[in-house]
Structure formats: structure tokens, C-alpha cells
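Subject: Structure handover

Hello,

Here is the structure I said I would pass on. My notes on it follow below.

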Amino acid sequence: MSTTFPLFKPFLAHRSVWIFLPLCLLCLACGTKKEHTAMVQQNQLPDWASDAIWYQIFPERFRNGDTSNDPTLADQQGAWPHDASEPWQIHSWTSDWYALADYEKANGHDLGHNIQRRRYGGDIQGILDALPYLEELGVNALYLNPVFTAPSSHKYDGAHYHHVDPTLGPDPVGDRALMANENPVDPATWKWTSADLLLLELVEQVHARGMHLILDGVFNHLGMTSFAFRDVQQKGRSSEFADWFTVKAWPDSATGKELDYEGWFGVRELPELREDAEGLVPPVRDYIFAATERWLKPEVDGVLREGIDGWRLDVAFCISHPFWKKWRAHVRSLNPQAYLVAEVIEPLPELLPYLEGDEFDAMMNYNFAFAVAEFLYDRSKTPSPTSFDQRMQEMIKAFGEPGLSVMQNLLDSHDSARLASQVKNGGGPAFRDWGTYFGWSQSGNPDFDTSAPGRIDTAVIKMALLLQMTCPGAPMVYYGDEAGMWGANDPDCRKPMVWPDYSYEDETLLPDGTPRPKACPVRYNAELRKWYEKLIHIRNMEIALRRGHYHALIMDDDTGLYAFERYMGDEWVVVVMNPANRLAQTELRPGAEGEWYNAIKGGRMKSAVDGSLRLELGAYEAAVLVRIEKR
């Protein structure tokens with residue numbers, strides 16, 4: 001989730017009053033208090049989801065493939081900071097992130113104000129152009145942050161759900177003209193704009209490469225520019241959409257009282273959609289169901305086109321369970337293989353009511369990210385493989401092995417500090433303490449280091465990626481992590497993608513505008529990219545890593561040495577890692593014997609007579625041993 005607010009706005013200490021945080025910080029599950037277990041069975045899960053390697057794309061910051069559709073200042077009407085004054089222009093893709101451009105200096109506002117007005121022009125054509133890059137990387141499933149019409153850069157303040165934002169397509173002027181002649185709640189009047197059709201082309205090209213694609217569904221709220229809310233503002237009680245929102249006070253010209261309504265956690269830019277005992281009220285539900293069908297089963301001029309492969313559901317905890325149950329049934333009636341993943345950032349017991357087989361298939365698995373952070377880059381304590389294994393066992397118990405295999409195992413996202421910056425700043429508040437960490441990891445905190453990762457940091461990052469690509473769960477890469485991007489929390493985690501064919505300015509300034517002691521060069525990290533590519537290739541080749549059982553072999557809390565095996569039938573893989581800056585020697589006994597191939601650096605070895613394997617690992621070195629022949 002995201003909203004747009006000043007970069008350095010103070011963060012309140014108590015979770016219940018965090019109304020200004022730019023994402024869902026208060027994931028308060030609205031299920032019952034009874035004990036739950038995850039009941040999703042393997043045959044209820046999409047067949048492809050266990051094999052997915054996800055890549056998350058923030059469209060406005062990924063790649064500008066068509067400069068003719070770049071957004072204008074007028075397109076920001078209704079978005080924070082509500083500044084439609086000049087001067088303004090499309091921001092340079094390759095500029096120093098914390099440096100004010102000339103037009104920003106001229107408008108007289110500070111960095112926090114200007115950074116929210118920046119638009120870089122990323123679009124769907126840019127994603128299409130990057131498909132060969134993504135295919136070469138090895139990812140096979142794309143998750144796009146919201147693409148529907150909205151005035152902000154993040155587009156969580158949607159104007160509606162049935163059209164792609166015109167600035168993401170080839171003909172913004174023509175698209176707006178088509179949209180103006182529709183009845184937004186009558187699907188029979190909906191047209192297919194050029195941006196809509198370009199998204200369908202993206203879906204088809206993704207499918208042609210054997211990939212899948214899901215969209216972000218933001219069904220808890222609309223934006224201030226939405227057709228429904230604008231009508232309520234104009235007509236008050238007489239609006240046909242008056243029941244769509246929770247209105248606390250209607251305008252009264254006699255008293256001067258203005259419209260007052262429920263915003264998402266108090267955010268005025270995000271009027272919440274109203275619920276009753278059955279979930280979202282019927283007219284809202286009907287509109288969402290129609291928009292859902294439009295993208296899952298698109299029919300253009302009487303011809304059925306290929307639809308998206310599922311949805312990621314923003315702030316899913318903010319909508320009650322009865323709606324999700326109805327919606328899942330609707331989705332599965334349209335596409336039995338559709339994948340539904342929810343954003344609920346809570347301890348495992350709070351997630352289970354959503355995973356009983358009648359709502360969601362998976363969660364964005366922040367609990368995995370927390371476990372990796374605690375193991376590898378919490379410098380306040382010694383790395384503990386035992387604790388990490390305990391976390392893995394808890395997830396297996398909670399979700400079941402089939403359920404865990406489809407969880408989106410992320411390490412960072414558009415709602416957190418970048419992985420590289422998490423590692424760089426290890427030793428602060430625990431990542432698991434979501435609210436505290438979110439505020440602490442802002443660039444406005446002078447104790448948070450916003451510089452590039454160093455050599456040791458990169459070595460630790462590689463260890464984290466090894467876990468992500470070999471542990472149970474479907475790994476998800478946040479765009480640009482493979483390029484070595486770094487950044488504090490929102491908005492700094494949303495810098496423009498670093499591409500190998502672009503030349504970037506160094507980061508020379510600190511967030512407060514003062515010079516850095518040493519400039520940070522911004523370059524595509526080809527070495528890190530190769531590591532991603534290698535690990536992704538290994539995962540794609542080995543079914544045991546995607547669907548196999550998990551069992552720990554070595555958990556040495558004194559040295560940090562950790563080894564585990566993944567197995568499925570006769571397929572066997574052993575992962576050994578030394579996440580420390582020292583040489584390590586070890587002996588382990590996997591559950592199978594034979595000849596093994598080291599998929600990381602090559603070379604073969606055979607099990608000893610007693611079935612053991614003896615290894616020597618350098619500092620921050622790992623081995624992925626694939627059994628290639630039985631004894």
C-alpha cells in the first residue's frame with residue numbers, strides 16, 4: 001500500500017494512530033479469535049504457483065518506453081501534495097536522487113515536497129521492452145503495482161478499476177475522450193482504450209514467454225478523483241454513489257459544514273468504500289466484480305483475449321472475510337488457475353483465517369523476510385541458524401508444505417527499505433517490528449545510512465538471496481535489486497530503475513541536502529546480477545527447490561554455519577552456507593548418498609563410505625549440491 005505525504009513527516013509512536021504512514025502499517029486482521037490452521041490443499045492452488053519466481057514492478061519507475069505519453073502536471077490533480085503550480089517537468093531518469101533539479105529549485109519547495117511531485121514516465125511500453133531482460137534473468141511471474149487511472153505516482157488512489165491509466169499507454173488524449181463517454185458503473189458502456197489494449201498485449205507477450213502476470217487490486221478505497229467520490233462531492237446526499245462511502249457529515253451551506261468521511265486510516269486522499277455485514281456494499285461489490293471479470297476474461301470486439309493470471313490484494317485485512325469469500329468464488333469461476341495473494345503483515349496466527357481455502361492462496365510472506373533479516377543482518381546479535389530453522393518450521397506448520405511453496409517469499413518491496421539498505425543498516429530496530437522499523441528506516445532519520453552498500457554488505461546480500469532462492473516458498477525480487485539498487489523506505493525505495501544501458505549521476509548529497517563525505521556512484525551491478533541469474537537458474541532446474549521437503553542438517557550457532565536439504569522423490573539438493581567472514585570446514589550427512597555436483601562453482605564430489613560429505617567454505621561462501629547419481 002502507499003499514499004503520498006511529506007518525506008520527513010514525523011512518525012507517531014503508537015500503532016493505533018499511524019494515519020500518515022505510506023503503506024498498510026496496521027495490518028489488524030479482522031478474523032475471529034478462534035484457532036485456525038491453513039486449510040488450502042494442493043489441488044486448490046494454481047498448478048504454476050509453486051514454480052513461480054516473481055519480479056515486482058513499480059510501473060512509473062521501471063522504464064520509460066514511450067516519451068510521447070509522459071504525464072503532465074495536470075495529471076497530478078488530486079494527489080499529494082496538491083500542488084499544480086509551475087514550474088514542473090518530467091524528472092531526469094538518471095539524476096542524483098537527493099538533488100533538486102533546476103525546476104524544483106525554481107518552485108521554491110523543499111525536497112520532501114518535490115520528491116512527491118516527481119514523475120519519471122515509466123509505462124507499459126517500457127515493461128514490454130524489458131521482457132527480454134526479465135526472461136534472461138530467469139523470472140517467470142510478474143506482479144505489477146497498480147496500473148489503473150490515478151493521479152499519484154504509486155496509483156493506490158485509483159479513479160476507477162476498469163481502465164489502465166492513460167499515461168501508461170500510447171494515446172492519453174484519445175483514451176480520456178473514450179472514457180468520458182462511459183457510464184462507469186455500466187460495463188456495457190465500457191470501451192477498450194489504447195492503454196487497456198497495450199496491457200492486454202503485455203499479458204499475451206508474457207504468456208508467450210511462459211510467464212504469468214498479476215495486477216494489484218486496491219478494493220478498500222478509491223481516490224479523491226474517482227468518479228464515485230467526485231459525484232458525492234458535487235451532489236451530496238442526492239448522489240447515486242452516496243452509499244458507496246462512510247459519510248460522517250454532509251455539506252450544509254447554512255452552517256458552512258463541509259463533507260466529512262472515513263478515509264483509509266484517516267487519509268483524506270483515500271475515501272474508504274463502505275461495508276455492511278456481508279462485506280463491501282452491493283453496488284461497490286458489483287462494480288468490483290465487473291472490473292475483475294474485465295481483466296481476467298477480457299472480450300474485445302467480440303473476441304476473447306488472454307487475461308491476467310491473478311491478483312495481489314492491497315490491505316486485504318481492511319476488508320472483511322465475507323467479501324473475499326464471494327470474490328474468490330467469482331475469480332475462480334472465471335479462471336480456476338488464478339492466483340490470489342494478500343497483503344497482511346502480521347504474525348502467522350493472524351494470517352491463517354485468510355488461508356482456509358475459500359479466500360486467498362498465499363500471502364506476501366513478510367515473515368520470511370523478517371526471519372532472513374534476523375539471521376543474517378541483525379548485527380545486534382550473533383547469526384543463529386537454529387532460530388532461522390525454527391522460523392521455517394513455524395511457517396511449514398502454519399501453511400503446510402504445499403501452502404508455503406506458493407507464498408511470495410520477498411526480502412523487500414515498495415513498502416520497505418531496499419534489501420541493500422537493510423543490510424547496510426543492520427543493528428537497528430528489528431524488521432519484524434514493522435511499525436517501528438518503518439519509521440526508523442526513513443531517509444529523514446540521520447542515523448539511517450543512505451549510502452551504497454559496501455563489499456561485506458554485498459556478500460551478506462548474496463547469502464540472503466541464497467536463502468530466498470533455495471528455501472520453501474516462491475521467491476519475489478523487487479525491481480532493481482538485481483542491479484544493486486539501494487534506498488531508505490518509501491519514497492526512496494522507489495527510485496528509477498538502474499539500467500545497464502543508462503549513465504547515471506553519482507549520489508552526491510545526503511537527504512538533508514548537504515554534501516556526502518564521499519559520492520556514491522550509481523552503476524548497474526553486473527556481478528550481483530550474475531549471482532541472481534545463477535541462483536534463479538538453479539531453482540528453475542531443480543524441482544526439489546521448488547516443491548520439495550525441507551530438513552535442516554547443520555545449525556551451528558557458534559559459527560553461523562547452516563546447511564539444509566530439499567528433496568522430492570529421487571531429486572535431492574543440499575544447501576550449505578557460511579555467512580561469516582572466516583573459513584569454515586564442515587561434515588554433513590544428507591538423507592541420500594551418491595555423486596553430487598556443486599551448482600555454484602562447479603566440480604563433483606562423492607559421498608564418503610559413511611554417507612557423509614566434507615566441505616570447506618571460504619568467508620561468505622555457499623555451496624548448492626545437486627545429487628546427479630545414486631551410490
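Please keep in mind that this is a predicted model.

What is found at F399? There, α11 bends by about 95°, and a proline, P402, follows within four residues. F399 is also among the buried residues of the helix. Others in that group include P385, F388, D389, M392, M395 and I396, as well as G403, L404 and S405 towards the end of α11.

Strand β20 pairs with two other strands, described here in turn.

- With β19 (residues 549-555), the pairing is antiparallel and runs over six bridges. H551 has E565 of β20 as its bridge partner. The hairpin these two strands form has six residues between the strands, and G560 in that hairpin takes a positive phi near 85°.
- With β21 (residues 571-578), the strands again run antiparallel, joined by seven bridges. M568 has E571 of β21 as its bridge partner. Here the hairpin has two residues between the strands, and G569 takes a positive phi near 60°.

Positive phi values also turn up in residues other than glycine. H82 has a phi near 55° and sits in the loop between β1 and α1. Is H82 buried, exposed or partly exposed? Its relative accessible area is 42%, and because that value lies between the 20% and 50% cut-offs, H82 counts as partly exposed. Y620 has a phi near 50° and is found in the loop between β25 (613-617) and β26 (621-630).

Last, the cis peptide bonds. Which residues do they join? One joins E86 and P87, with omega about -5°. P87 lies in the loop between β1 (54-57) and α1 (102-107), and H82 lies in the loop between those elements too. Another cis bond runs from D490 to P491, with omega near 15°. P491 is in the loop between β16 (474-478) and β17 (507-509).

Regards

Methods
Residues are numbered from 1 along each chain as its sequence is written. This is a predicted model: local features need pLDDT of at least 70, side-chain atom pairs count only at pLDDT 80 or more; totals for chains, interfaces and linings use all residues. Side-chain values use heavy atoms; hydrogens and water are left out. Buried means under 20% relative accessible area, exposed over 50%, partly exposed in between (1.4 Å probe, protein chains only). The bend at a residue is the angle between axes fitted to the seven residues ending there and the seven starting there. Two strands pair if DSSP finds at least two bridges between them.
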